[in-house]
Amino acid sequence: MTGARDTGAGWRERISYQALLLGGFSLLAAALLTVGDLVTRDPIAARRAEDLQASLSQVLPPAIHDNDLLAAPLTLTDEAGRPRTVYRALRGLQVTGIAFRTSGLGYAGPIDILVGIDAEGRVLGARVLAHAETPGLGDKIEIARDDWILAFDGRSLGDPPLERWAVAKDEGDFDQFTGATITPRAVVDAIKGALLFFAAHRDTLTAAAVITEPAPEAPLPR
Amino acid sequence: MSNAATPAYGQIARDGLWDNNVVLAQALALCPLLAVTGTATNGLGMGLATTAVLAASGLLIALLRGLLTSAVRIPIFVLVIATLVTLVDLAMNAWLHDLHKVLGLFIPLIVTNCAILGRAESFAARQPALPAAFDGLMMGLGFTLVLVGLGAVREIIGSGTLFAGAPLLLGEAMAFLEVTLIPDYGGFLLAILPPGGFLVLGFLLAGKRLLDRRLAERQTRRPTVGAPRPSP
């Protein structure tokens, strides 16, 4: 279209118009996305906090604590050197349970799990927060789809013994699902890992709260 | 961007739902199709989200069509669609959070749906706003139809259920949709995995051709009506 200037709509074929058009649209899109991000950032953060609160209340029963679970979490470093945020359930100043995220490597990427453990090292509850397992097969690890994950409630490192913390196919005590072994195996391993982490850091996890978190108006523990 | 003659609304609906169906006739959007149709419910969620984006992008692009030139139209389509999808994603995450938890997985996938770009290019950029939005709606519904059909077949063969998880998507009022058709079914893994999706899709495509041929034979006076069109 070299002689475009002569035609009626010639200015539309000029390179400057095209560049301005594309640039203008990019600017407009960037502006819209910025506004969209600013407007939605706080509501989304609030919804995420609600989600975390809801998940935490499933693995740390409200009956065992009287504190705000999201307040003053502990940060510990795990064996691999990654920071791990630990939420604590307190009654008064005593730690009655802790909860933290862990993850296992499933069939289609990491499976994020929230595990709650009481002060004696028993599983209070476990919930899958995020995963990408095969729909209809591996997604039975979600509480919304199956009761399978409840099999961990009340279990500890001695119950079953450490070598039986595995799926049935690996001669362990936990069922796998029909057609899916890798997914439940990853979850069992992740929860076993969480219990081992708790055992390794038991003193820090259950005692430090008393020292570092004295509630201002509560009486001293002893 | 010359305007072609605008088809009647009836013809747009017929094209979108059957004759020129995104999947069955154009064989587009197979990536999101095969990825999410393990169950009918997931298919429905993906279909509805895609329909909303198709209708909105059709409307927007038809409104903007006077400004566009052929050299830069494709980047602008992509920009408009991607911005739209991202804004919908953010807004749903903030204000329809429960629905977003179910559909959130599918929303970024919509950007990868070439059918949206295809409709922008072949219809919305040449037509007035209302027919373009209606075309988006009908193309989206046609896509939803195939997603739900494919999801239902794969779910029945693969897990023996139908609309499992429907209350998560549609609320407890729709819990009756969730049925177990084959109790104590062992499951058939192939149907749920992507290769099974290809197999079932092949049968669906063959079924449409067969049906179209039957219809064409019945209407011998107008042999072209209902005959499968060549894919663009």
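From the N terminus on, the elements of chain A follow the order α-β-β-β-β-β-α-α. The model is predicted. Chain A has 222 residues, of which 30% are buried. Among the contacts in chain A with a separation of 6 or more, 49% are between residues 24 or more positions apart.

Chain A is divided by the domain assignment into domain 1, residues 1–58, and domain 2, residues 60–212. The centres of domain 1 and domain 2 of chain A, taken over C-alpha atoms, are separated by 41 Å. Contact between these domains involves 7 residues of domain 1 of chain A and 10 residues of domain 2 of chain A. On the side of domain 1 that touches domain 2, there are 3 nonpolar and 4 polar residues, and no charged residues.

Val123(A) lies in strand β5 of chain A, which spans residues 123–130. This residue has 22 C-beta neighbours inside 10 Å and therefore counts as buried, the cut-off for burial being 20 or more. When neighbours within four places in sequence are left aside, the contacts of Val123(A) are Val115(A), Ile117(A), Phe152(A), Asp153(A), Gly154(A), Arg155(A), Ser156(A) and Ile191(A). Between Val123(A) and Ala186(A), which are 63 residues apart in sequence, the C-alpha to C-alpha distance is 17 Å.

The interface between the two chains was examined next. On chain B, 29 residues are in contact with 24 residues of chain A. Two or more residues are given to this side of chain B by each of α4 (73–95), α8 (129–159) and α10 (189–192) of chain B. The most is given by α4(B), with 11 residues. By class, the side of chain B that touches chain A consists of 15 nonpolar, 13 polar and 1 charged residues.

Helix α4(B) packs with helix α1 of chain A, residues 15–59; the two axes come within 8 Å and cross at roughly 10°. Because this angle is under 35 degrees, α1(A) is roughly parallel to α4(B). The crossing of α1(A) past α4(B) is left-handed. From α1(A), the contact draws on Leu22(A), Phe25(A), Ser26(A), Ala29(A), Leu32(A), Leu33(A), Gly36(A), Asp37(A), Thr40(A), Pro43(A), Ile44(A) and Arg47(A). From α4(B), the residues involved are Pro75(B), Ile76(B), Leu79(B), Thr83(B), Thr86(B), Leu87(B), Leu90(B), Ala91(B), Asn93(B), Ala94(B) and Trp95(B). The contact of α1(A) with α4(B) contains 15 nonpolar, 6 polar and 2 charged residues.

Within chain B, helix α3 was considered with two other helices. The axes of α3(B), residues 40–64, and α7(B), residues 114–122, come within 10 Å and cross at roughly 30°. This angle makes α3(B) roughly parallel to α7(B). The crossing of these two helices is right-handed. In α3(B), the residues taking part are Val53(B), Leu54(B), Ser57(B), Gly58(B) and Ile61(B), which meet Ile116(B), Arg119(B) and Ala120(B) in α7(B). The residues of this contact comprise 5 nonpolar, 2 polar and 1 charged.

The axes of α3(B) and α8(B) come within 7 Å, and the crossing angle is roughly 165°. Since angles over 145 degrees count as roughly antiparallel, α3(B) and α8(B) are roughly antiparallel to each other. The crossing of α3(B) past α8(B) is right-handed. The contact of α3(B) with α8(B) has 21 nonpolar, 11 polar and 2 charged residues. Helix α8(B) is also one of the elements that give two or more residues to the side of chain B that touches chain A.

Arg209(B) is placed in helix α11 of chain B, residues 194–218. Arg209(B) has 14 C-beta neighbours inside 10 Å and so counts as partly exposed. Along the chain, Arg209(B) and Leu24(B) are 185 residues apart, and their C-alpha atoms are separated by 9.0 Å.

Methods: Residues numbered from 1 in each chain as written. Chains lettered and ligands numbered in written order. Predicted model: local features only at pLDDT ≥ 70, side-chain atom pairs only at ≥ 80, totals over all residues. Helix = DSSP H or I, 4+ residues; strand = E, 2+ residues; numbered from the N terminus. Nonpolar A, V, L, I, M, F, W, Y, C, P; charged D, E, K, R; others polar. Axes fitted to C-alpha atoms, helices over the stretch in contact; angles between N-to-C directions. Parallel < 35°, antiparallel > 145°, perpendicular 65-115°, else oblique. Left-handed = near helix turned anticlockwise from the far one by under 90°. Buried ≥ 20, exposed ≤ 12 C-beta atoms within 10 Å, placed from the backbone. Domains from an automatic or database assignment.
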